[in-house]
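Visitor: I would like to learn how to read the side-chain contacts in a protein model. Could you take me through them slowly?

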There are 2 protein chains.
Amino acid sequence: MTSQDIAVDLTAETQTALERAEAKHRHEALYSDRAHNIKQSAVRDVFDISIRPGLVSLAGGSPSLAKLPVDLVAETAKRVIAEHGMTALHYGGGKGTEELRELICEIMAEEGIVGASSEDVVVTTGSQSAQDIAAKVFCNPGDVVLVEDPTYVGALNTFEAYQVEVEAIGMDAAGLVPEELERRIAELEAEGKTIKLLYTIPSFNNPSGITLAAERRQRVVDICREHNILVLEDNPYGMLRFDGHPLTPLRANNPDDVIYCGSFSKIFSPGVRLGWALVPKHLYRRFYLAAEAVVLCPSSLTQLLVTEFFRVFDWRGYLAGSRAVYAERCAAMLQALAEYFPAEAEWTTPDGGFFVWVTLPEGIDTYPLLYQAIDAGVVFIPGAAFTPSDAPSNKLRLAFSGVAPEQIREGVRRLAPVIRAAVEANAASLR
Amino acid sequence: MTSQDIAVDLTAETQTALERAEAKHRHEALYSDRAHNIKQSAVRDVFDISIRPGLVSLAGGSPSLAKLPVDLVAETAKRVIAEHGMTALHYGGGKGTEELRELICEIMAEEGIVGASSEDVVVTTGSQSAQDIAAKVFCNPGDVVLVEDPTYVGALNTFEAYQVEVEAIGMDAAGLVPEELERRIAELEAEGKTIKLLYTIPSFNNPSGITLAAERRQRVVDICREHNILVLEDNPYGMLRFDGHPLTPLRANNPDDVIYCGSFSKIFSPGVRLGWALVPKHLYRRFYLAAEAVVLCPSSLTQLLVTEFFRVFDWRGYLAGSRAVYAERCAAMLQALAEYFPAEAEWTTPDGGFFVWVTLPEGIDTYPLLYQAIDAGVVFIPGAAFTPSDAPSNKLRLAFSGVAPEQIREGVRRLAPVIRAAVEANAASLR
């Protein structure tokens with residue numbers, strides 16, 4: 001290579017860099033207003049970190065697949081493709097297959113939603129996609145969506161992409177507080193706001209593990225109905241109540257006022273990316289057309305796999321086993337917290353689901369603690385991720401779902417000195 | 001059952017019906033402005049009809065899977081689940097797996113996009129989803145998206161859901177006319193419009209089958225660059241040029257100005273619902289975060305299946321075979337059209353892809369002909385579906401991709417008398 005060649009190469013490289021910089025500058029003006037609202041999820045930040053070897057991850061809300069008969073799943077996949085390849089590998093209808101929508105009605109019946117029609121079900125690419133569609137169909141920029149404080153970070157990201165104003169409503173140990181809900185609705189209406197949806201995870205809320213008490217459930221729907229607010233009920237963990245008796249979903253007795261979102265991610269596998277929405281009959285058409293405009297149709301292959309697997313597999317027995325696994329893991333976490341954490345820390349005692357929510361004394365910001373925790377060999381999600389507010393949070397989410405009991409114990413043991421130091425420093429600063 | 005029971009039942013039923021009517025009325029106010037733009041796709045209307053037994057469907061653009069080794073797909077699915085179940089059945093990263101993104105770069109290299117980085121690829125739930133994300137990230141309500149006239153109905157539905165103004169630019173036999181593009185951009189800019197995207201299917205446009213000539217390709221990108229318009233290049237059929245030499249995509253020499261959408265639907269299987277976007281580096285982060293906000297992550301299972309299947313399968317040989325299949329089907333359609341259709345009809349002669357576009361004399365509306373065609377035992381898609389305009393169209397789309405040559409011939413034979421009668425009636429009305 002002559003020096004002239006090098007000069008030419010450098011020029012070409014410089015040229016490319018300059019062109020890119022110019023395009024970057026020029027394209028900045030092209031982003032939609034909503035694009036500026038689309039943020040990296042804090043969960044995702046931590047997702048990348050938490051796969052480092054040696055770390056104990058109490059971060060991700062992954063289901064345990066340890067007891068899933070993987071060979072039966074594999075065999076079933078082979079069979080549905082070999083026997084129904086021309087269906088499994090082709091386009092399907094935008095609503096999902098009739099067979100899967102019927103299975104979904106059977107599953108919902110187990111949860112307490114009796115008599116739902118497969119005609120009112122839309123199969124979606126995970127239940128995240130159902131939330132995206134609900135926001136698309138109902139929310140103009142500036143409209144208000146009510147959520148629980150705290151709530152699922154993925155839903156927050158989805159709503160914010162539609163330039164919605166997300167308003168968080170306080171919970172106590174029995175879930176959303178009806179009086180608080182009414183008060184906040186009245187305030188927002190007085191400000192002239194248009195409230196479109198209440199997004200709620202009534203059973204084993206992500207991230208808090210809190211469950212909306214049975215006696216509050218109808219009251220919450222009634223308040224929303226009075227104010228013409230649709231309820232978007234997200235119930236991925238409903239079947240995972242430790243005692244095996246799911247609380248009746250809000251949708252059960254309110255078919256006209258609740259859009260219900262379910263998911264195969266927690267009861268079977270997140271990898272098939274299948275969830276669903278059960279939609280009030282009068283809202284169904286617009287909802288499903290919007291679903292179609294996003295993905296055309298859900299995967300025929302994973303739909304057939306799930307339908308056939310649930311047909312040959314004792315899924316009710318498997319769920320009973322899963323509940324026992326999660327109950328054991330939750331107990332391990334609660335016990336380790338009691339043993340290792342300082343007395344100043346408080347936490348929830350969930351009846352099901354995947355998460356424990358820890359509250360530290362006021363004044364502590366859990367976000368910087370994350371990096372100390374990583375140095376100590378454990379990962380969690382800081383509480384600030386789960387509210388629309390940008391304020392620091394003294395909370396943190398610990399997931400017990402995806403980790404074996406001894407690892408949970410080890411993770412809590414590693415985290416304890418970080419928490420203890422923060423509590424002591426905070427107390428010292430107040431003196 | 002006593003008469004009193006019946007009375008109570010009737011009352012309950014009436015009550016339910018009244019409640020639903022009331023909810024329907026009340027909820028009408030909750031729809032977003034964009035929801036009113038979400039329409040049933042005409043293709044989907046016909047999709048439901050075209051699965052009736054006995055009908056010849058020249059409607060849906062389904063790939064031929066006849067030569068796909070379904071048993072090898074089945075065996076591969078079994079193997080990836082059995083060997084990598086804990087990955088295949090779990091959540092994955094929002095961008096898609098590294099292995100699939102590398103395979104996608106290999107595939108794009110075959111099409112003429114050399115040196116693309118897997119870091120710039122986002123795996124999506126079909127390429128429809130990539131279009132949805134592009135609209136989400138770049139388009140405010142009222143922004144303009146330019147499209148070809150005619151263009152893909154699914155993209156029209158997606159854009160309209162974002163309340164975008166879709167402007168169709170004329171094509172001739174060599175595709176988008178650069179002078180027409182410049183003229184229309186100047187007009188729109190003079191009207192104060194903000195143009196964000198040119199959505200184009202440069203190779204074997206759906207529905208017209210027309211290909212943008214090689215000598216026009218750079219000119220089209222240059223015009224867009226001068227006016228700061230991003231090019232959204234949709235190239236699902238690029239590898240299916242009958243002569244086996246794909247035309248160089250717009251993206252190849254314009255990495256900073258083109259978002260490129262590819263798909264496994266036409267080269268492998270629509271049932272796995274996997275497509276991708278190759279995004280300019282400086283736009284990547286926002287694009288992928290928006291993808292994540294919609295579906296969290298693409299299906300791990302179908303990603304592993306595609307990656308492994310393409311590793312063990314001679315996909316280049318299979319694509320050569322697919323091209324021969326489509327070339328034969330296209331030839332059968334062109335021959336049948338020449339044989340059966342009246343002299344007044346004209347049609348395109350595609351170099352690849354799935355579709356022939358028929359133009360009837362002015363004054364004929366092909367939409368009502370659809371119902372006559374169904375009575376005659378054949379289905380097509382009326383031309384009006386493929387433009388943003390509501391005006392009647394004298395065009396129709398015939399798909400040769402999913403039907404065997406003898407069926408194509410039979411379909412055209414059944415359609416011919418319907419066309420002939422329309423041409424004669426139209427001529428008579430002009431006399």
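Guide: Let us begin with two residues of this predicted model, A:Y237 and A:F355, which are both buried.

Visitor: How are the rings of A:Y237 and A:F355 placed towards each other?

Guide: A pair of aromatic rings is described by the distance of the centres and by the angle of the planes. Here the centres of the rings of A:Y237 and A:F355 are 5.9 Å apart and their planes stand at 90 degrees, so the pair is edge-to-face, given that an angle over 60 degrees counts as such. This pair links distant parts of the chain, since A:Y237 belongs to the loop between strand 7 and strand 8 of chain A, while A:F355 is in strand 11 of chain A, 118 residues apart.

Visitor: What kind of aromatic pair do B:F341 and B:W347 form?

Guide: They form an edge-to-face pair, with 6.3 Å from centre to centre and 85 degrees between the planes. B:F341 has a relative accessible area of 6% and is therefore buried, whereas B:W347, at 26%, counts as partly exposed, because the limit for buried is under 20%.

Visitor: Which residues do ring pairs link into a cluster?

Guide: Among them are A:F264, A:F268, A:W276 and A:F309. Over all chains, the count of aromatic pairs comes to 38.

Visitor: Where does the charged end of A:R286 sit?

Guide: The charged end of A:R286 sits over the ring of B:Y31, 4.5 Å from the ring centre, and the charged end of B:R286 sits over the ring of A:Y31, also 4.5 Å from the centre.

Visitor: What separates B:R183 and B:E180 in helix 7 of chain B?

Guide: An α-helix has 3.6 residues a turn, so residues three or four places apart point the same way. B:R183 and B:E180 are three residues apart in helix 7, which means about one helical turn separates them, and their side chains meet in a salt bridge of 3.0 Å, N to O.

Note on methods:
Residues numbered from 1 in each chain as written. Chains lettered and ligands numbered in written order. Predicted model: local features only at pLDDT ≥ 70, side-chain atom pairs only at ≥ 80, totals over all residues. Heavy atoms only, no water. Phe/Tyr/Trp six-rings, centres within 6.5 Å; stacked < 30°, edge-to-face > 60°. Helix = DSSP H or I, 4+ residues; strand = E, 2+ residues; numbered from the N terminus. Buried < 20%, exposed > 50% of the residue type's maximum accessible area, 1.4 Å probe, protein only. Lys NZ or Arg CZ within 6 Å of the ring centre and 35° of its normal. Salt bridge = Lys/Arg side-chain N within 4 Å of Asp/Glu carboxyl O.
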